[in-house]
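Subject: Structure handover

Hello,

Here is the structure I promised you. Please open it alongside this note. My findings follow below it.

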Amino acid sequence: MAAKNQDLAGLEESLLKDVAAAADLATLDTVRVGAIGKKGSISALMAQLGKMAPEDRKSFGQSVNGVKTTIAKALDARKTALETAALDARLATERADISLPVRPGAVMEGRIHPLSQVLDEVVEIFADLGFAAAEGPDIETDEFNFTKLNIPPEHPARQDHDTFYFPEQADGSRLVLRTQTSNVQIRTMLSQKPPIRIIAPGRVYRMDSDNTHTPMFHQIEGLVIDETTHMGHLKWVLEEFCKAFFEVDEVKMRFRASHFPFTEPSMEVDVGAEAIGKPGEWLEILGCGMTHPKVIANCGLDPEKYQGFAFGVGMDRLAMLKYGITDLRQMFAADQRWLKHYGFSAFDVPTLAAGLSS
Ligand code: DAH
């Protein structure tokens, strides 16, 4: 027994030496396998336990376990030390020169779609004005896309929208592909308490197709509801938006009386085309108005207390105007050459401080 314990002390000593001497992780692993691996020297001693007299087994077993623990700890410590040393060596020799230009390759070649760029630009501008971004579903109930927006079932506006209807459900209601992002007005008023200040970008769908219409296109809705907002605020917000978006100091705007079921009064807004280098022309860019009291009431809010405004902008149209794109269908054709021409570098993140599109 005593002899065995002496062997054990010798084994521990020699293994500790091996551990300390291991100069790299691979050598250390060989030491580990040779000691506590399945066929290692410590494991071999463990295997002998079964053949020993019961009175010897306990104390010898404890001693072997002690050695095993010591060696395992030493292995761990050495491993950490070697890893740290390897990392330090890499850190000392490897340097990244972040002032170098980006290497040619996928990141440089890839292009951000002009619509994604315009979306980022618009969100950036309205975020700066204190608007949060909201979202709603593409598949919407008839109720939220139309009825609650003061467009009852027999309203002619439903025909104008050339709606894609889903089959009638058991209760007689129908889902639609939303024809406008105005559904998010309803969803927001039903789920949030005023003051509300949101913009809601998203896809909308209408059965229509020519070089300025596609069955799917994009809108951005805006909604402000509180107790004091009036038409002066609406005009100011839209003017600030147009100046920032077209990146000009002055913009001419024209508010024409119009009609939308969910606003009263309603207006369409034209922008002087000198903003895009075409003096003398007007560009129609959006619809807007003061939120109709019926819409506010439809969402469970008191129209005597709350008021506000809404607007809806065609995002594809904004992109076409700003970036000189003539055929809307090309936007969705997934043509690499088109994207190379009209797209933006992934490094061109629009910010108000650094310039939206520069
Ligand atoms: N939803 C309208 C459309 O698709 C656009 C619109 C007009 C939205 C006026 C508004 C608004 O929020 O106030 O034609």
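The shell around the ligand is made up of five nonpolar, eight polar and two charged residues. Keep in mind that this is a predicted model. Of the 15 residues around the ligand, the nearest are Gln180, Ser182, Arg206, Gln219 and Glu221.

Glu221 has a polar side-chain atom 2.6 Å from an oxygen atom of the ligand. For Arg206, the distance from a polar side-chain atom to a ligand oxygen is 2.7 Å. For Gln219, the corresponding distance is 2.9 Å, again to an oxygen atom of the ligand. How much of the ligand does the protein bury? On its own, the ligand exposes 350 Å², and the protein buries 90% of that area.

Now the space itself. The ligand takes up the largest pocket.

The largest pocket has a volume of about 1200 Å³. Its lining counts 45 residues. Nearest the centre of the largest pocket are Arg206, Phe217, Gln219, Glu284 and Gly314. Arg206 and Gln219 are also among the residues that come nearest the ligand. Several elements give two or more residues to the lining of the largest pocket. The helices are helix 8 (157–160) and helix 12 (315–323). The strands are strand 5, strand 6 (253–260), strand 7 (263–272), strand 8 and strand 9. Which element gives the most to this lining? Strand 8 does, with seven residues. By class, the lining of the largest pocket holds 18 nonpolar, 17 polar and ten charged residues.

On to the second largest pocket. About 260 Å³ of space lies there. The second largest pocket is lined by 15 residues. Leu119, Gly202, Arg203, His218 and Met315 lie nearest its centre. Helix 6 (114–128), strand 4 (196–205) and strand 5 each give two or more residues to that lining. Strand 5 also gives two or more residues to the lining of the largest pocket. The lining of the second largest pocket divides into seven nonpolar, four polar and four charged residues.

Last, some backbone details. Most residues other than glycine have a negative phi, and most peptide bonds are trans.

- Pro194 and Pro195 are joined by a cis peptide bond, with omega about 0°. Pro195 sits in the loop between helix 9 (183–191) and strand 4.
- Glu264 and Pro265 are also joined by a cis peptide bond, with omega about -5°. Pro265 belongs to strand 7, and strand 7 gives two or more residues to the lining of the largest pocket.
- Glu247 has a phi near 55°, a positive value in a residue other than glycine. Glu247 lies in the loop between helix 10 (231–246) and strand 6.

Best wishes

Definitions and conventions: Residues are numbered from 1 along each chain as its sequence is written. This is a predicted model: local features need pLDDT of at least 70, side-chain atom pairs count only at pLDDT 80 or more; totals for chains, interfaces and linings use all residues. Side-chain values use heavy atoms; hydrogens and water are left out. A residue is near a molecule or strand if one of its heavy atoms lies within 4 Å of it. A polar contact is a pair of N or O atoms within 3.5 Å; within protein, one must be able to donate a hydrogen and the other to accept it, and residues adjacent in sequence count only if both atoms are side-chain atoms. Accessible areas come from the Shrake-Rupley method with a 1.4 Å probe; for residues, only the protein chains shown count as cover. On a 1 Å grid over the protein atoms alone, a cavity is a set of points where a 1.4 Å probe fits but cannot get out, and a pocket is an open set with protein on both sides within 12 Å along at least five of seven lines; lining residues have an atom within 4 Å of a point. A molecule sits in a cavity or pocket if more than half of its atoms lie within 2 Å of its grid points. Ala, Val, Leu, Ile, Met, Phe, Trp, Tyr, Cys and Pro count as nonpolar, Asp, Glu, Lys and Arg as charged, and the others, Gly among them, as polar. Grid points are joined across faces, edges and corners, and a volume is the space filled by probe spheres set on the points. Helices (H or I, at least four residues) and strands (E, at least two) are DSSP runs, numbered from the N terminus.
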